[in-house]
2 protein chains.
Amino acid sequence: MNAMSSPLLLRTLFERAVQYFPHNEIVSREDDNVFRYRYKDFGLRVRRLGHALEALGVRRGERVATLAWNHYRHLELYFAVPSYGAVLHTVNLRLGDEDLVYIVNHAEDAVVFVDLDLLPVVERLAPRLRSVRAYVVLDSVLPSTRLRPVFAYEQLLEGSRSDYAFPTVDENAPAGMCYTSATTGRPKGVVYTQRSLYLHTLTLGLADVLAVSEYDTILPVVPMFHVNSWGLPFAGVTMGSKLVLPGVRPRPEDLLRLIESERVTLAAAAVTVGIDMLKVLAEHPYDISSLRYLMLGGQATPQAVMEQYWLRYGVPIFTAWGATETSPIATCAHVPRHRLTEGVEGRIAVHVRQGRVVPGLELRVVDDNGQDVPWDDRTMGEVWVRGPWVAREYYRDLRSRESFGDGWWHSGDIATIDGDGILRLVDRKKDLIKSGGEWISSVDLENELMAHPDVAEACVVAVPHEKWLERPVACVVLRGTSRDEESAAAELRAWLANKFPKWWLPDRFLFMHEIPRTGAGKFNKRRLREELRSLAHEW
Amino acid sequence: MNAMSSPLLLRTLFERAVQYFPHNEIVSREDDNVFRYRYKDFGLRVRRLGHALEALGVRRGERVATLAWNHYRHLELYFAVPSYGAVLHTVNLRLGDEDLVYIVNHAEDAVVFVDLDLLPVVERLAPRLRSVRAYVVLDSVLPSTRLRPVFAYEQLLEGSRSDYAFPTVDENAPAGMCYTSATTGRPKGVVYTQRSLYLHTLTLGLADVLAVSEYDTILPVVPMFHVNSWGLPFAGVTMGSKLVLPGVRPRPEDLLRLIESERVTLAAAAVTVGIDMLKVLAEHPYDISSLRYLMLGGQATPQAVMEQYWLRYGVPIFTAWGATETSPIATCAHVPRHRLTEGVEGRIAVHVRQGRVVPGLELRVVDDNGQDVPWDDRTMGEVWVRGPWVAREYYRDLRSRESFGDGWWHSGDIATIDGDGILRLVDRKKDLIKSGGEWISSVDLENELMAHPDVAEACVVAVPHEKWLERPVACVVLRGTSRDEESAAAELRAWLANKFPKWWLPDRFLFMHEIPRTGAGKFNKRRLREELRSLAHEW
């Protein structure tokens, strides 16, 4: 026995929260209503769910899948499944059928909890799901369904006592699971442990990270099937925050209304959602002044978007970087002490970057030879991360060896690092454009394009080129009504020429109604590249 | 291999700090000067110290003792010794000779680092220290001394390269050590591990605990030989705070001058030091407005002291509770969300109590049968704590079984707990006064006495009584010049009678010039009881 050896378990955080914050609220949007209850009732229902999992025959270590939006029942599963000693597998409901079937079978999920509006998806796929022994519909009563055996969530809970005693498991036991899309092939599984979830949760509470507090009112817009909604449900409950869950398919108006009415202090969403909210705000003046931080992620926040929130609405944008493999928070924006005198301009200049590695993790930016690049903010390299909440492998996947080495996860993200150790993502390794032996950052071009007042969205990808190997093409969604494409292209080219060398300028500007997105809501560059590759032959 | 398994090491926190905060300052008082340097230089010197420890023949896991005040060289040892894989044993320099000899021999310290002004102590004891192979004087040049072999700290560093590569050790390896005084017998040793120091450090950074930040300027007055100065040197460096170390035997004026000139945001000291600073402030108006928190501990902060800081100077008092066995932070004051509307009076009412258990630990208040007491703020019980930074045993000590059971540390502190789970310490189990089958809290009486404007200090202890078993006696230090003791006693008795039942009132009031203190600066109640026991025969 060593001197101090209690295990790091999510259960400890949960039990403290419901015991010490019985009055604090959890709010969950349901169509045009909001459902409200308190931590005390939340805690009792989580314990009921413990009995229900036992009644369903779930064994310790088995995977329990959810196909669900952000709502209170999903939150109950977030705490009940790991506390029970099983593994919460949050399935990305935006994936295609083949990927869904693959991951449920690969994870060998024993039970699937599914939202009513996603029931058709599960019914369609059920005959191909080999390991699933039961389905639970996240609703009060059982709808008509072909699934068997199938239960209604509320009926399961009603039939269970509210006193389940969660076990003490090994801290290295698996507790959560998430699949991440791969450049080639099927999604890859990342397993979170009791310990990694516990440590990541504490990290979000650090004053110099997200400072999650009992006094916060947190709106996690980022889906709970997307890297645990960046850890906010775990951190929020642990600290006793009021939680506001946006429910099924929230529109930007729904989010803004919740921020205004519930006095949200911390919201987290994909950059694209942040852009959509700005469009609505331009038409309708919701009060978002309660926000101490709007956390945007999934891709770099364009400077123009950041400036609008910060300077026009007084809402600071919080930037962080991470991935499924890093639980996800690995870096976060934080103005260095010696730069505090630079004012809001200086703060924005720091926050458009991805920040410094958080305490407890190690980070390197390395060149092709595995050597650290200098902190000169010019030399590009791949970001590597290592630490107690960074994956060391993919779940039962031979592709692990391509991405991990000596404990380091090789992120595939290309970045520079400045004299203060602040990371600036340049691009995905696979999205960088290699033109004539030099690298062009698609992200830098996109940010500058989106800073143009007429541009709503911009996405730059490589197309093959005989002489230069690759050349950039810009796909642009213009604001407002149609205009002459030729003059728009000329104007945007001139706009970029102010900032970038001539050989960086896109060969073509393609104007679209919308840019295709991935299941995670990011620009789908792979698909764009494929479409443009065929187009390029015609040019 | 499990999915995420990097060890929790202090080295990781240190290396990140010196790499990412090279500009940030460490300030150390030296007589009337302040020594200043930056994290970058601090880091290089810590690495030099790594080579020096190797040159001294220190082996991984061996104990390295310090007899030192709070200064930058001690801070270097704080990080170098554990990062090297050895155990930092901070010796309480206020202990008597016999205890000092006992603990150095019991810990089997291999090397002793000693401040110049404490050299006479070590010279006197050296012939009896069986395990010590070398002495290092924490100064630039070697003074005349009989110690052998002996080195000057700065000469050791000058002779070492600044590139020591610290090893990766097991996270459960011992990293620190502290002895705590015992009710009977010699001090008992508590061992901290890499993991426990790492987790405790992160906890101090939580927004709802101490919120230690890069933007803080931290003055740890509590000695670095007293439970790692409550963890502040570790947390401060980890977050990149500016540190202000008060040096050798700082007087209250020195502390106030440092707070004013360095713009300290967070200071931590014994309650008695806080009281002494108030006395100086009454005479000389130092500017302490930069303090966002003054953390007082070691004993309960009297309400009157808290109100003076808070209402007169605008400085909130931060309360926490813990012990050598809990690293030490186990609970801390935090106003529950549903009581935020109560204003400053409500905040003070919460902060005079010891607070709620911090995230990650478990806490119980139990009666004599080991059952949890109700959260009614009336029923008294003993505080038990369990968790990843709570000791499970004393180092090689048979007395462990008296204080530990099933992972729980039995603190010996008696408390009540209110409806919000907020602890209120009533007394030490051994200091409670058992009068006629009922309990009287010595602490409650002391607080009320110290709220009287004429009382500077008060200490209430039990004396044996034939009929009632025990009865309380109050030892009082009056403010200002002498006054008639009989009328003072009558006035204080009337003062207490307003608040407590008649049978609580002390049988006698003894007026003193000062109250005897323990090595840790607390009232020495054991000694007072012994002295009064003999006096009582004469009454």
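**A strand and its partners**

Analyst: Gly405(A) stands opposite Trp408(A), a residue of strand β20(A). The description rests on a predicted model, in which local features need pLDDT of at least 70, side-chain atom pairs count only at pLDDT 80 or more, and totals for chains, interfaces and linings use all residues. Residues are numbered from 1 along each chain as its sequence is written, while chains are lettered from A and ligands numbered from 1 in the order in which they are written. The mean pLDDT (the predictor's confidence in each residue, from 0 to 100) of chain A is 94, and 98% of its residues reach 70 or more. For the model, ipTM is 0.89 and pTM is 0.90.

Strands and helices here are DSSP runs numbered from the N terminus, with at least two residues (E) for a strand and at least four (H or I) for a helix. Two strands are said to pair if DSSP finds at least two bridges between them. In general, the strands of a sheet pair through backbone hydrogen bonds, in either the parallel or the antiparallel sense.

Strand β20(A) covers residues 408–417, and eight of its 10 residues are buried, so the rest of the structure largely encloses this strand. A residue counts as buried if 20 or more other C-beta atoms lie within 10 Å of its own, as exposed if 12 or fewer do, and as partly exposed in between, with C-beta atoms placed from the backbone.

The partners of β20(A) can be taken in turn. Strand β19 (residues 404–405) of chain A pairs with β20(A) in the antiparallel sense over two bridges. These two strands form a hairpin with two residues between them, and Asp406(A) in the turn has a positive phi of about 55°. Strand β18 (residues 381–386) of chain A also pairs antiparallel with β20(A), over four bridges; there Val385(A) faces Trp409(A) as its opposite residue. With strand β21 (residues 423–428) of chain A, the antiparallel pairing of β20(A) extends over five bridges. Thr416(A) stands opposite Arg424(A) in this β21(A) strand. The hairpin of β20(A) and β21(A) has five residues between the strands, and Gly421(A) takes a positive phi near 80° in it.

Elsewhere in chain A, an open sheet of seven strands with mixed pairing has the order β7-β6-β5-β3-β4-β8-β9. Its edges are β7 (150–152) and β9 (188–193), each with a single partner strand, so one side of each has no neighbour in the sheet. On average, neighbouring strands of this sheet are turned by 25° against each other, direction ignored. Axes are lines fitted to C-alpha atoms, for helices over the stretch in contact, and angles run from 0 to 180 degrees between N-to-C directions; two residues are in contact if their C-beta atoms, placed from the backbone, lie within 7 Å. Within the sheet, β3 (residues 63–67) and β5 (residues 109–114) of chain A pair in the parallel sense over five bridges, and Leu67(A) stands opposite Val114(A) in β5(A). Helix α7 (residues 194–204) of chain A lies across β8 (174–180) and β9, running at about 75° to β9(A).
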